[in-house]
Amino acid sequence: MREGKVLIFGELLWRLASVDKSLESADNLLQIYPGGAEANVAASLGLWDIPCSYLTCVPENELSAKALEELERRGVKTDLVLKQGDRVGLYFLLSANGLSTGQVVYDRKYSSFSQLTPGSIDWESILKDFSWFHWSAITPALNENVATICKEALVAAKKLGLTVSVDLNYRNRLWTYGKTPLEVMPELVQYCDVVMGNIWAANVMLGTPIAEGLHRETSQEEYLQHAEQSARAIMQAFPACKHVAFTFRFMDSPNHNLFYGTYYNGQQQYVSHVYETQEVVDRIGSGDAFMAGLIYSLHGQLEGQDVVDFATASAYQKLFVSGDFGNHSLSHIKQHIIH
């Protein structure tokens with residue numbers, strides 16, 4: 001795995017959420033944050049001085065410019081961003097921080113990004129300057145055209161020898177165009193070197209086996225067995241894959257989070273400390289912070305235990321940051337790793 005520049009591809013969004021605990025207040029106010037799964041990853045990598053660029057498609061207006069400025073302020077290059085179309089995608093979070101209710105309402109149809117068409121991006125020309133390409137399962141969930149564009153990008157990335165990573169973000173509210181994840185994702189994941197997600201998303205998207213009846217009281221030991229089985233199944237089904245990481249998060253109440261991660265490199269499974277907190281500021285983006293931590297660790301060729309320790313600590317620290325983007329420095333995260 002060679003060090004170099006990372007290209008991150010996905011839709012830039014604005015989050016609209018209640019300032020109060022829910023949208024039920026008569027005199028309610030909304031707060032807005034830039035975000036999107038892939039932009040969240042870029043924001044962290046840029047902050048950690050990993051050379052990275054973000055590729056998306058947005059209309060040329062002040063709302064787009066403000067979001068891109070936030071990324072640039074964190075060290076992310078946005079010169080490849082396409083400026084066309086009429087609107088930025090939105091999502092409404094029906095609480096201030098995703099704690100009292102995790103319900104999300106998407107307003108992404110007819111956004112600039114969703115209107116991209118196959119053949120409109122010269123992937124080989126763009127990717128020749130990069131060594132790593134990252135995407136997430138949210139993108140091919142939008143529509144068939146964008147799924148095809150993902151395939152174009154992955155074919156070019158593999159041809160040029162890039163390391164490819166994917167986050168198996170599963171958003172059932174997005175898969176509405178007549179294709180199931182299982183009909184789309186395996187064809188795309190075959191090009192990936194790094195797969196991150198959880199055991200349930202892997203089952204839905206890649207068809208890996210999962211036991212019925214898993215729940216909050218299932219022991220960690222049993223979950224870890226399932227994680228390794230799922231990772232092995234992914235590597236067997238997708239021979240290009242060399243790294244699989246999973247997150248486990250349990251919420252007993254809005255403010256209570258139990259969080260740990262696993263990393264499997266084909267020979268051994270590494271497990272993080274189990275982090276627990278009763279005080280959560282914002283749960284949105286913690287999975288993306290784990291993905292960023294995973295890319296950072298593999299990009300820097302860290303040892304297996306260090307990989308999962310850093311990624312999990314990054315995810316956990318995001319729980320205490322408002323908005324979608326993480327804002328903790330490398331030194332802060334490293335200082336708060338619990339072994």
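At 8% relative accessibility, N169 counts as buried; buried stands for a relative accessible area under 20%, exposed for over 50% and partly exposed for values in between, computed with a 1.4 Å probe on protein chains only. The structure you are looking at is a predicted model, so local features need pLDDT of at least 70 and side-chain atom pairs count only at pLDDT 80 or more, while totals for chains, interfaces and linings use all residues. Residues are numbered from 1 along each chain as its sequence is written, and side-chain values use heavy atoms, with hydrogens and water left out.

N169 sits in the loop between β10 and α5. Helices (H or I, at least four residues) and strands (E, at least two) are DSSP runs numbered from the N terminus. Which residues does N169 touch, not counting those up to four places away in sequence? They are A37, S136, A137, I138, M205 and D288, where contact means heavy atoms within 4.5 Å.

**Helix α4 and its surroundings**

Helix α4 covers residues 144-159, 16 residues in total. From first C-alpha to last, α4 reaches 23 Å, close to the 22 Å expected at 1.5 Å a residue; the expected span is 1.5 Å times one less than the number of residues. At its start, a side-chain oxygen of N143 comes to within 3.1 Å of the backbone nitrogen of N145. Just past the other end of α4, G161 adopts a positive phi of about 80°.

Which residues of α4 are buried? They are V146, A147, I149, C150, A153, L154, A156 and A157. An α-helix has 3.6 residues a turn, so residues three or four places apart point the same way. The cover over the buried residues of α4 includes β1 (6-9), α3 (123-127), β9 (132-136), β10 (163-167) and α5 (181-189).

**Two nonpolar cores**

A nonpolar core here is a set of buried Ala, Val, Leu, Ile, Met, Phe, Trp, Tyr and Cys residues joined through side-chain atoms within 4.5 Å. The largest one has 60 residues, and W123, F133, W135, L168 and M185 have the most contacts inside it. Its largest share, 8 residues, comes from α4. Setting aside neighbours within four places in sequence, M185 is in contact with W135, A137, P140, V166, L168, W175, M205 and L206. A second, separate core of 50 residues includes A39, L68, W132 and Y270.

**Aromatic rings**

Rings of Phe, Tyr and Trp (its six-membered ring) pair if their centres lie within 6.5 Å; planes under 30 degrees apart count as stacked, over 60 as edge-to-face and the rest as tilted. By this rule there are 17 aromatic pairs. One of them joins W48 and F310 edge-to-face, at 5.2 Å centre to centre with 75° between the planes. W48 lies in the loop between α1 (37-47) and β4 (52-55), and F310 in helix α9 (residues 304-318), so this pair ties together parts that are 262 residues apart in sequence. Y263 and Y270 are stacked, because their ring centres are 6.2 Å apart and their planes are at 20°.

| Residue | Relative accessible area | Class |
|---|---|---|
| W48 | 4% | buried |
| F310 | 2% | buried |
| Y263 | 4% | buried |
| Y270 | 15% | buried |

Ring pairs also link W200, Y223, F248, F250 and Y260 into a cluster. A charge meets a ring as well: K5 lies over the face of F130, at 4.9 Å from the ring centre. The rule for this is NZ of Lys or CZ of Arg within 6 Å of the ring centre and within 35 degrees of the ring normal.

D49 lies in the loop between α1 and β4. Its phi is near 65°, a positive value in a residue other than glycine, and D49 is exposed, with a relative accessible area of 68%. Q301, in the loop between α8 (286-299) and α9, also has a positive phi, near 55°. At 52% relative accessibility, Q301 counts as exposed.

V81 is in the loop between α2 (62-73) and β6 (82-83). Is V81 buried or exposed? V81 is buried, with a relative accessible area of 8%. V81 and C57 are 24 residues apart in sequence, yet their C-alpha atoms are 5.8 Å apart in space. Apart from neighbours within four places in sequence, V81 is in contact with Y54, L55, T56, V58 and L68.

Key. Polar contact = N/O pair within 3.5 Å; in protein donor to acceptor, adjacent residues only side chain to side chain.
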